[in-house]
Structures are given as C-alpha cells and as structure tokens.
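Here is a short report on one structure. Read it with the sequence and the model side by side.

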Amino acid sequence: MNGAVRRLEVEPRVTLLDGLRDVLDTTGPKKVCDRGACGACTVLEDGQPIYACSRLLIESAGRSITTVEGLGSPEAMHEVQRAFVENDAQQCGYCTPGFVVATAALLARNPAPGEEEIEAGLGGNFCRCGTYMGIRAVVAGPGQAGGDGGGNVGG
Amino acid sequence: MADYSWPEADRRGQIGRRPARLDGPVKSTGFARYPSDQNPPGLLAAKILTCPHAHARVVRIDTSAAEAIPGVRVVHVIQGEGSEIQWAGDEVAAVAADTEDIARDALRALQVEYEVLPHFVTEKHRDRAPAAQPGSERTDGDPDAAFASAHRTVEQTLGMPQMAHMCLEPHGQVAAWDGDELEVHASTQAVSTLAGQFASELGIPATQVRIRTEYMGGGFGSKFSPDRWGIVGAELAREAGAPVKLFLDRDQEVSVAGSRPSAFARVRVAADEQGKLVAWDSDSWGSGGLPGASQTPLPYVFSRLPNRRLRHTSVPTNLAGSRAWRAPNHPQACFLTMASLDDLANELDLDPIEFLDRNLEFTGRADVYREELGIAAGMAEWKERWQPRKRSRDSALQRGLGVSIHTWGGRGHASNCDVTVHPDGAVEARLGSQDIGTGTRTIVAQVLAETFGLELPQVRVSLGDNRFPQSGPSGGSSTVGGVCASTRRAAQDALREVLTRVAPRLEADPEQLTAAGGRVFVEGEPSRSMSWTEAASRIGGAPVSAQGRNPGPGRLISSGVGGVQIAEVEVDMETGVVQVKRMIAVQDCGLIVNRRLAESQVYGGLIMGVGYALFEEWIPDPVTGRLLNADMEFYKLAGLLDVGSLEVHMMTGPGYDERGVIGLGEPPVISPGAAISNAVANAIGVRVPWLPLTPDRVLDALAGRGGIA
C-alpha cells in the first residue's frame, strides 16, 4: 500500500475503506455514502480506480493499493493535486481525495478526455460545495478554456 | 483615535488578489485531518440505533444480548421505555465497541418493542394535516381594490419540497476525556460556542471543554449545535474511559441531520397597464418537520410593493426538525415570488427583465439591481436571444431563458482576534473561528499580510480551537466580515506598536512610517528604511501583541447585497428532461478580499442551486413515514456535467469597495431555483409549478395535468 507492504489480520467482513481508515490510519479516503454512490473513498487498485467502501479488504490482498496520500504529499504534490490547488477545485475538501484519485486515473488513461470519458471517469464522484468548475479546469489542463488564467498561486 | 480602514485601491498588496487557498495542498493530498479522521490511541467506535417508525412509543428495550457481545464496551439507552418518538430516525440507543462492525452487531442485537402511533409526513396536502397551525392574516394597503382595478392578474399554486443539507462529512465527533477535561474534535460551524453547550449538558464547567475543528467537511447551516449524538458520544467516552468516535451513517445524516423547510403558496399578483405591480396576495404553507415552518419573506425583494395580503400556515409533520439551510427562507421566497412575477410579465407581454426594471422602486436597492440586470443581460445576449414563451412544439428540444434577483444581509458576526509579532518577524493571528470550506483561513492571512506589507508565507493563521479568542459561528454569511474586522484592527494596532518602537532608529515619527513590500520606510522617502525582519528584531525581547474586536458595521465591513442570475435551459419535450446549459451570476459583496475564493463561492451557490432546481428533494413515504431516498443513489446531487456552463461577474471597484467586506456564502444559492424554473417556462410555454423540475413534473405540466407536486 502506497509503496510499502502492509501485513494485517482483519475479520473477513471488514471493507477496504474501514481497513484503510480504522486499521491502517490512512484517512485520505473518506467514508461518505458507504454504498458505492459518491466516490469519496476512491483509491487505485493495481492502477484502476475502485470504491474502497465496496471492496472487502481481503479481496485486495496481494494487490497494490494507492490512496490519495500515495500520489503525493503537500511538499511534493502529484501534478493533479497541484492542479486542484491552482484551480481552486476544493472548498471543504471532503470529496477532494476521491476526486483527485479518480481524476489522476482518468488523465492517466487519457490525457485529453472527451465528455463521455469524463462522465465515465468522474460521473461517480459528487461534491457538495460545488467545486466542479475547478475540477473541469483540472481535467481540461493548463491553458484550456475554463482554466483559471488569472491565477496567482501562493500570493 | 486609531484609524481602522482598508488601503486605497492603488496601495493594496493582498486585498483583491487571487491567491490559492492556503490549505489546498493538505486537502488535495489527503493530509488534512478532519474530525472524522481522528484516531487517538484506544479509540472506540460508536453507532446509534434509530427508531424505524415516524411516530411511536417505546414499550420495552432489552439491551442484554447486545451487552453480551465480546468487544461491546457501553450500551446507552437514549430514549427509554415510555418515550414518545416523533420522527423516523430519532435516536433510541447508542453503542460503543472496539470496532464499527462490532457496534453494528450490537445495534442488531438490541431488542426494542414499539407501540406504533399514527403519523403525517406529506405536508403538501395541507388539508389533510392533523395539526396545521394557521397564522394571522396581515394586510397592507387595499389589495382587494387594487386587484379589482388591475390590468392583469396571475394566480396559481407553486411549491418546493423539503431537501437535505447532505454534508459529505456526516455530523459527529471524536470525544476524549483526560480526567474531567473533555476534548472534542467536532465537525462544526461553531467552534467558540460549542463548549458551553457541551458543558451544560454534561454538568462540567465550560472551561473544561476543548473544541478542535481544524478542517470540517461541510455544514451549510446544519452544524451549529453539539446535537444529541454529541452529548451521547461524550457520555459513552466518559463511561468507557476511552475516546469514542461517533459519526452518523448516511441514512441518518440525510434523515435527521439537516433539511430545508418546504414552501407552498397560492399566489395572486397583479399589475397595471404600465407594467407596475399593484397588488400581492399569498396564502402559503410549509413544513420543517415537527416544528412546522415560518412565513418566508413574501413578496421577495419587491418588499415595498403596495397592497399586500399575507397568510401563512405552519404544518408540523412527523419528520426531523429542519435546520438553517444556506440563506434560510430566501430560496423558497425567491422561487414563489420570481416565478409569479415571470408569469405576470408573460401576461403583460413584457420582457421579464424590462418588467423587473419597471418595478425596481419596490426594492431596497434599485440602482444596484439595474446595473446588475444590464450586465447580466449583456453577458447572456438577452436582447438578441430572448424570445417570448414558445407556444409551438416544433422541435423535441426547446431552449429558454429565465431571470431572477435576490438579496441578503451578511453583517459580520462578533469576532475577536489576537495578532502577535515575534522578534524574528513572524506574524500570527489566532481566533476561535473556523474554516468551513469558504476560505476563512486564507482570507485572514491576506488581511495580516496586507497590514504588515508581507507575503502569505510570512504569516500564520491559527483557528479552529476554542482556546483562541472567541469568534462567532459561521452562519448568515457573517464570518468574513467578522474575522476581517477583528483581524485588521488587531493587526493595525500591533503594527502601530512596532512602528512606534522602530521610529527613533529611522529618525522619524511613527505616523510617518509605512510597512509595505517587506520593508518599513518613511512615507515618501523609501531610502530611509529597514527590512521587516530588522524592524521586528528591534521590538525588544518579547513579542508585540494586540487584540482586535469586530465593533460592527463601519468602514471595514457592512451588509446588504444584491444579485441577478440568468439561466438558459434545454428541455426535451418528449422525455421531460431539463438540462441547464448556462448560468450567469452577477453579484455584489462590497470589498472583495480574494477574487478567486469569492468566485468559488458563487460557482458553488449556482451548482447547489442547479441541484435543488432539478434533482434534490426529500421523498417521505406516506405509508411508513420514512424517507424513500435517505442515501446518495436516490437523493440526487448535481454531478460534474449536470450544471452547464457557469459565468460569474463580481461587482467590484468604486461604489462597491467603499462598502467594506460583506459575506457571500449565501446570496448566490438563492436565485437558481427561480431562474431555472423561469427558463423552463420560457422554453416550453407553460409553468411547471413545482421544484425540483423532474421529468414527471415537466410532462405533467406539458399535458396540462394539475395536482400537487
């Protein structure tokens, strides 16, 4: 997980999300709907985005799990994380980890996704504060329409 | 007398710029620890058993089987035998256990016997309500005479149901005791006021309660109180002798932790031959669950309209009580009013913008609305593209434009701030406020940096802790005004003290000195200067600190904003599906501290507005009294591609900046329901009288079918 091998013993019923958050203290993935409907718990399993709330932890045994913390840190952000900051694609930030992981997976598959690909890649993630303009700008990439050209990051 | 003010436009270093939010990197990397992310050693997980009935009496509770489960630490009965439960989802018992799964096992093992009582959950049928509370009628002028002599009158029943706050981080907290001292990591909008509420419920002095909220996952008006689950969580922790995490499950969050009251009304409104409003009559009702719902401000914005009659009936239901939802009562009043006025404009064969313009004298801020209407119309190319309501159904896809206007107060709340300048030049502000996602932390940092002539990395903002000087709850769009006033005043006082101490070194009077660009210099003689670091090093061995308080409206802050929104929609006449293609928002909010964050607030308001205009509603089941959609699959939020193209214009510069800072969180969420409904009416030729504009409601309206919601 996030580049390290983790060994742990849990009950078979423990979800990947609960295992990450409660056992491994990896709290980037968030528990919001807990039913595979909102995307806040999105992580990468062998590079593919999945809902951690809808996977049992034992199903992920032997696989590679990358959470939002594994993509980058505040001091060394992944380019998608940096783009979320630069485009103000977050307010309260609770949906952000899931969106960041789903967006990173989408852009890794297709750096210039069309509307249908965006719908397929991010249609399963929801934000309540309303940060979609910023997220669209992240997906569109630097210099694209919708980007925040007037930026002045860091003051 | 100290002069507290903002710098003139040409001297601003930070105010009005677009720095990225300071907590962006920790949020986008998952490093930000929210209250629900706290995992102290020995943590127990707690869950709540709720009542499945909308109205019932608890006959018997047997906790023995639950208590016998290994790993269960405390079982706590919240509403015991004999208690009358008034809504489904109300808390009956709670369990703290070693893991969340074990706590759920225990909930399943709790045996509760209920006597089920009659319930009522569908307030749209006012005539069937068992406990409707009609209010007194209020009449101004002579509405009967005005209607009798009016040129055109429209009359219809409109309405919108209850909806959920749907905070992504559920309500809840991690509570931990150290002896008789309680520390609570709470997902709250009210860091400074929560301690007293916990203390009085728990029977300890407020000085022994610490509240921490570094980050929180959304509130929107629903997170001002510890709530019963907060008190229960603290009691479980005290009894277990271990920290307890208790956050609501999603079905509980949707059902009991925050809803907006519904609003229905029979509205009659009339105008004369010049298109001037002459009379208003509304017979309204609504519900916010068990407490019912109060009168919304009708007629909205056009509150000086002559000849008015208002009646309102509050309708209690067996649903959890509503909470303040972003701009309480305004979105409802806006929809009821602006839809009615739009229909009246149609009857008058007037362009709705022209009609609004002719009646702006009945609003409090005609000049602002007139300017904003002009700008919004220009952005939408309204003159070229708007057409009267279509009567033909020549195409399966019909487009339409709609407009709405709104208002809000936004006066700054009570706020205190400590600002400290350290001898190494570091500057810190501490205040018991909270950043609920609006960017408060960043705004305070900008005010600090502006005042001391520094850059953002050189200042530090500490908030989210009730040990810091008390600052009000984040409600009513009052935070930015409160914290800007308290921070600016404290910072200006601290700076004056620093300048007083270094003035002799520069052989100047303190009043001649300015701090800007990382230096302190004699005004007009930049060569007589020293770096900020050197200036700070000369304040002596101890830091300089100053306290600031928001004294209320003045040069730094004020209140009262207006906004205009235009929606463009496309309606599929065969399926009834409405798509928002474009939303335009023109908004004033006085002096803007951070343009980027201000725009984000408006975008966010538009997006939440598209949600309640098209998708969002509580759907209570009249048979069981429970919500049919207490989840995120059937309670629909707007998604990334559901909201069309959004364009924001902020009113700023001369005429606006002088008003000082005014809050912005609420105004932009008020108009979308009305603007989108009006655009749909424009597109399809008839009014869909209900929100949200779901396909069934659109098809019903197209087929001329009445009925209610």
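The side chain of Ser192(B) reaches the backbone nitrogen of Ser471(B) at 3.1 Å. This is a predicted model, so distances here are computed values. A polar atom of the Ser192(B) side chain also lies 2.7 Å from the backbone oxygen of Gly432(B). Ser192(B) sits in helix α5 of chain B, residues 191-202. Is Ser192(B) buried or exposed? Ser192(B) counts as buried because its relative accessibility is 17%, and the cut-off for buried is under 20%. Leaving out residues up to four places away in sequence, Ser192(B) touches Gly432(B), Gln434(B), Asn466(B), Pro469(B), Gln470(B) and Ser471(B).

Next, the interface between the chains. Chain B brings 65 residues to the contact and chain A brings 56 residues. The area buried between chain B and chain A is about 4800 Å². Carbon and sulfur atoms give 53% of that area. Seven salt bridges are found across this interface. One salt bridge joins the side chains of Asp88(A) and Arg21(B), at 2.6 Å from N to O. Polar contacts link 29 residue pairs between chain B and chain A, with both residues at pLDDT 80 or more.

Which elements of chain B give two or more residues to the side that touches chain A? They are α1 (24-28), α3 (100-109), β10 (163-164), α15 (595-614) and β29 (645-651). The largest share comes from α15(B), with eight residues. By class, this side of chain B holds 30 nonpolar, 17 polar and 18 charged residues.

Chain A is divided into domain 1 (16-70) and domain 2 (72-140). The domain centres, taken over C-alpha atoms, are 17 Å apart. In the contact, 17 residues of domain 1 meet 13 residues of domain 2. Lys30(A), Thr42(A) and Val68(A) lose the most area on the domain 1 side, together 38% of what that side buries.

| Item | Value |
|---|---|
| Buried area, domain 1 and domain 2 of chain A | about 1100 Å² |
| Share of that area from carbon and sulfur atoms | 59% |
| Salt bridges, domain 1 to domain 2 of chain A | zero |
| Residue pairs in polar contact (both at pLDDT 80 or more), domain 1 to domain 2 of chain A | five |

On the domain 1 side that touches domain 2, β1 (42-45), β2 (48-51) and α2 (68-71) of chain A each supply at least two residues. That side has nine nonpolar, five polar and three charged residues.

Definitions and conventions. Residues are numbered from 1 along each chain as its sequence is written. Chains are lettered from A and ligands numbered from 1 in the order in which they are written. This is a predicted model: local features need pLDDT of at least 70, side-chain atom pairs count only at pLDDT 80 or more; totals for chains, interfaces and linings use all residues. Side-chain values use heavy atoms; hydrogens and water are left out. Domain bounds come from an automatic or database domain assignment. Contact means heavy atoms within 4.5 Å. Buried area is the accessible area (1.4 Å probe) that two parts lose on being put together, summed over both. A salt bridge is a side-chain nitrogen of Lys or Arg within 4 Å of a carboxyl oxygen of Asp or Glu. A polar contact is a pair of N or O atoms within 3.5 Å; within protein, one must be able to donate a hydrogen and the other to accept it, and residues adjacent in sequence count only if both atoms are side-chain atoms. Helices (H or I, at least four residues) and strands (E, at least two) are DSSP runs, numbered from the N terminus. Ala, Val, Leu, Ile, Met, Phe, Trp, Tyr, Cys and Pro count as nonpolar, Asp, Glu, Lys and Arg as charged, and the others, Gly among them, as polar. Buried means under 20% relative accessible area, exposed over 50%, partly exposed in between (1.4 Å probe, protein chains only).
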